[in-house]
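Subject: Structure handover and notes

Hello,

Here is the structure for your files. My notes on what was found follow below it.

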Amino acid sequence: NVVIGVRDIDKAAALSEDTACAVHQVEADNPEAIEACVKAASDKYGTITGVANCIGSVLLKPAHLTTDAEWHHTITTNLTSSFSLVRAASKAMRSSGGSIVLVSSAAAQIGLANHEAIAAAKAGIIGLTLAAAATYSNRGIRVNAVAPGLVKSEMTRKMWDTEQAAAVSSQMHALGRLGEPEDVARAIAWLLDPQTSWVTGQTIGVDGGLGSVLTRMKM
């Protein structure tokens, strides 16, 4: 049984019909809405075994060109929503345990120009993951994160939708290609799986090597 929290319910209608998932309208910057979504899932199914905060944003600007509004939006969308979900899910899982998965970024682990705001937000998620994993371990609640590289999605389309842009971005990744949504989804599913019961406090790079491997120059 899956409950999906989305900003645009209409976009999730087809997925809901195909999978029989319940859908709730949730804005990432609204902690009360996140709490309500988790409570609705708990009320409907009784026990919540796993939650994932599949949230992200793109802001490619140096610090001196970033406005206060852009900074607050980036932090709220990514870090505050993650904190809100940890807070809500940990309450729901206190008696039964479970798995919480957050989404960081390779940009939090390697210095990338013009990524100051998003790198700070995603680095905060790594710190949140570690602290929450320690706090809730005695409750059987595991907290982990994935840190993707550049994944082909509508949100990142401007970074890969031309041949030149795709080539430049692909070359930044040691494996020579951009990520697909399925690459990240599989890692999240693995961390949510109860069989992964001895993994907590980890941030797993699903990034083609971007966050840790120097790209080998082609000769």
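The buried residues of α4 are covered by elements that include α3, β4 (98-103), β5 (141-148) and β6 (203-206); contact here means heavy atoms within 4.5 Å. Helices (H or I, at least four residues) and strands (E, at least two) are DSSP runs, numbered from the N terminus. This is a predicted model, in which local features need pLDDT of at least 70 and side-chain atom pairs count only at pLDDT 80 or more, while totals for chains, interfaces and linings use all residues. Residues are numbered from 1 along each chain as its sequence is written, and side-chain values use heavy atoms, with hydrogens and water left out.

Helix α4 itself runs over residues 116-136, 21 residues in total. From its first C-alpha to its last it reaches 30 Å, close to the 30 Å expected at 1.5 Å a residue; the expected span is 1.5 Å times one less than the number of residues. Its buried residues include A117, I118, A121, I125, I126, L128 and Y136, and also K122 and T129. Buried means under 20% relative accessible area, exposed over 50%, and partly exposed in between (1.4 Å probe, protein chains only).

The loop between β4 and α4 holds N114 and H115. The phi of N114 is positive, near 65 degrees, in a residue other than glycine. N114 is partly exposed, with a relative accessible area of 35%. H115 is buried, at 16%, and touches L60, K61 and A107, residues up to four places away in sequence not being counted.

A20 sits in the loop between α1 (13-19) and β2 and counts as exposed at 66% relative accessibility. As background, most residues other than glycine have a negative phi.

Next, helix α2. This helix covers residues 31-45, has 15 residues, and reaches 21 Å from first C-alpha to last, close to the 21 Å expected. A33, I34, C37, V38 and A41 are its buried residues. They cover an arc of only 135 degrees around the axis, so they lie on the same side of α2; the arc is that of the directions from the helix axis to the C-beta atoms. These buried residues pack against β1 (3-6), β2 (22-25) and α3 (68-92). The face turned away from the buried side carries the exposed residues E32, K39 and D43. At the start of α2, a side-chain oxygen of N30 comes to within 3.0 Å of the backbone nitrogen of E32. After the helix comes G46, with a positive phi near 90 degrees.

On the cores: the largest nonpolar core has 23 residues, and V51, V86, I100 and L102 have the most contacts inside it. A nonpolar core is a set of buried Ala, Val, Leu, Ile, Met, Phe, Trp, Tyr and Cys residues joined through side-chain atoms within 4.5 Å. At least two residues of this core come from each of α2, α3, β4, α4 and β5. Apart from it lies another core, of 10 residues, among them V146, V151, V184 and V206. L102 touches N53, S82, V86, I125, L128, T129, N144, A145 and V146, again leaving out residues up to four places away in sequence.

W160 lies in the loop between β5 and α5 (163-171) and counts as buried at 14% relative accessibility. With residues up to four places away in sequence left out, W160 touches V151, K152, S153, A165, A166 and L178. The side chains of W160 and T156 are joined by a polar contact of 3.0 Å. A polar contact is a pair of N or O atoms within 3.5 Å; within protein, one must be able to donate a hydrogen and the other to accept it, and residues adjacent in sequence count only if both atoms are side-chain atoms.

Finally, the cysteines. A search of the whole structure finds 0 disulfides, a disulfide being a pair of cysteine sulfur atoms within 2.5 Å. The sulfur of C21 is 12 Å from the closest cysteine sulfur, in C37, which is too far for a bond. C54 is in no disulfide either, the nearest cysteine sulfur, that of C37, being 12 Å away. C21 counts as buried at 12% relative accessibility, whereas C54 counts as exposed at 60%.

Regards
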